[in-house]
Amino acid sequence: MISLRDKDTGADLGTISEEQLQFLVDQLEEEYDEDRDYYINSTMLDVLVQNGADIQLLEILRNAIGDREGVEIQRSIL
């Protein structure tokens, strides 16, 4: 399982599967091979929905954004 955290607050956002992580990696831009941070906003959520993201992943990301403009998330392997 993969743990997602809010990079700014360190709050645990939830866990995702390897398949969900691969979906995110395929959809999001990685600045370099070892990149583990991703910026998610409502526009990116719309893209993820259109591209077939599963409900659990979308729920984690929506909750992470909350009422903010966006959120930077970090991933780590449990």
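**View 1. Asp6 is a buried residue of strand β1.** Asp6 has a relative accessible area of 2%, and is therefore buried (under 20% relative accessible area, against over 50% for exposed and partly exposed in between, with a 1.4 Å probe and protein chains only). Asp6 belongs to strand β1, residues 2-6; strands are DSSP runs of E with at least two residues, helices are runs of H or I with at least four, and both are numbered from the N terminus. Leaving aside residues up to four places away in sequence, Asp6 touches Ala11, Leu13, Arg68, Val71 and Glu72, where contact means heavy atoms within 4.5 Å. The model is predicted: local features need pLDDT of at least 70 and side-chain atom pairs count only at pLDDT 80 or more, while totals for chains, interfaces and linings use all residues. Residues are numbered from 1 along each chain as its sequence is written, and side-chain values use heavy atoms, with hydrogens and water left out.

View 2. Gln20 lies in α1, which spans residues 18-27. Its relative accessibility is 5%, so Gln20 counts as buried. The side chain of Gln20 is in polar contact with the side chain of Asp54 at 2.9 Å. A polar contact is a pair of N or O atoms within 3.5 Å; within protein, one must be able to donate a hydrogen and the other to accept it, and residues adjacent in sequence count only if both atoms are side-chain atoms. A polar atom of the Gln20 side chain also lies 2.7 Å from the backbone nitrogen of Ser17. Between Gln20 and Ala53 the C-alpha to C-alpha distance is 7.9 Å, with 33 residues separating them in sequence.

**View 3. Packing of helix α1 against helix α3.** The axes of α1 and α3 (residues 55-65) are 10 Å apart, at an angle of about 65 degrees. Axes are lines fitted to C-alpha atoms, for helices over the stretch in contact, and angles run from 0 to 180 degrees between N-to-C directions. The two helices, α1 and α3, are therefore roughly perpendicular (65 to 115 degrees; under 35 is roughly parallel, over 145 roughly antiparallel and the rest oblique). Gln20, Phe23 and Leu24 of α1 meet Gln56, Leu57 and Leu61 of α3.

**View 4. Arg75 and Tyr38.** Arg75 is part of strand β4, residues 70-77. With 17% relative accessibility, Arg75 counts as buried. The side chains of Arg75 and Tyr38 are joined by a polar contact of 3.0 Å.
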